[in-house]
Amino acid sequence: MSFLPSLPKKTNLSDVIKTFPQAWEPMMDFHDVVLRGDSPLSIAQRELIAAYVSGLNNCHFCLNAHTVYAEDFGIGEDVIGPLLSNPDSAPVDEAMRPILAYVRKLTLEPGNITEADVQAILDAGWSDQAVADANKSAALFNFMNRVILGMGVDDFDDFYGRRLAAVRKKPMEERVSANETALNTQHYRNYGKQLGIIKD
């Protein structure tokens, strides 16, 4: 439910962006670089971070949206829920565990991050760049979650439930291959153009 009279009662993120468009163009570009740019982390892994951080923050709009994206790029349907309820036993790739532990701590207790948290990622075989990209992904969604929660954006459970059901009908091979075909695309900038806040 919207917190502002200038927004619809059932507010979508698009309503917030169109009503208050200042600064959203560079933010769309930042989304594209962080989530779709070149990285040691696949698009699926970055979308998993987005959904996980959003779940930790109880931001159900972003959790819903980025669960759809994560599964659309090949994350299994029984991953995000278990990850939020019991991260130690969730069925995730072992190499992702220290990254997910890092983004969890960065979200819930950022002042307690230590060199050891980062070293655990490096010890799992990831590069410095992977750490930086995980950091940016977590930071982006801590930011977005606060925009959405602070403006009263609706969860849109029904809408994203239908989208998730459609994604789950797609062959897994097709979903995984999208990690390459969607790399370096302007998904979010194009969204800004659809909303009319980006003109070129």
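The largest pocket has 24 lining residues, and Leu13, Phe61, Tyr69, Tyr160 and Tyr191 lie nearest its centre. The model is predicted.

**Largest pocket**
- The space in the largest pocket comes to about 420 Å³.
- Six helices each give at least two residues to its lining: helix 1 (13-19), helix 2 (24-36), helix 4 (60-72), helix 8 (128-151), helix 9 (157-167) and helix 11 (187-195).
- The lining of the largest pocket splits by class into 16 nonpolar, 7 polar and 1 charged residues.

**Second largest pocket**
- The second largest pocket holds about 160 Å³ of space.

**Surface patch**
- Which residues form a nonpolar patch on the surface? Phe3, Leu4 and Phe20 do, and together they have about 270 Å² of accessible area.
- Phe3 sits in the segment before helix 1.
- Phe3 counts as exposed because its relative accessibility is 55%, and the cut-off for exposed is over 50%.

Definitions and conventions. Residues are numbered from 1 along each chain as its sequence is written. This is a predicted model: local features need pLDDT of at least 70, side-chain atom pairs count only at pLDDT 80 or more; totals for chains, interfaces and linings use all residues. Side-chain values use heavy atoms; hydrogens and water are left out. On a 1 Å grid over the protein atoms alone, a cavity is a set of points where a 1.4 Å probe fits but cannot get out, and a pocket is an open set with protein on both sides within 12 Å along at least five of seven lines; lining residues have an atom within 4 Å of a point. Grid points are joined across faces, edges and corners, and a volume is the space filled by probe spheres set on the points. Helices (H or I, at least four residues) and strands (E, at least two) are DSSP runs, numbered from the N terminus. Ala, Val, Leu, Ile, Met, Phe, Trp, Tyr, Cys and Pro count as nonpolar, Asp, Glu, Lys and Arg as charged, and the others, Gly among them, as polar. Patches are made of residues with over 30% relative accessible area and no salt bridge: like charges are joined within 9 Å, nonpolar side chains (Val, Leu, Ile, Met, Phe, Trp, Tyr) within 5 Å. Accessible areas come from the Shrake-Rupley method with a 1.4 Å probe; for residues, only the protein chains shown count as cover. A salt bridge is a side-chain nitrogen of Lys or Arg within 4 Å of a carboxyl oxygen of Asp or Glu. Buried means under 20% relative accessible area, exposed over 50%, partly exposed in between (1.4 Å probe, protein chains only).
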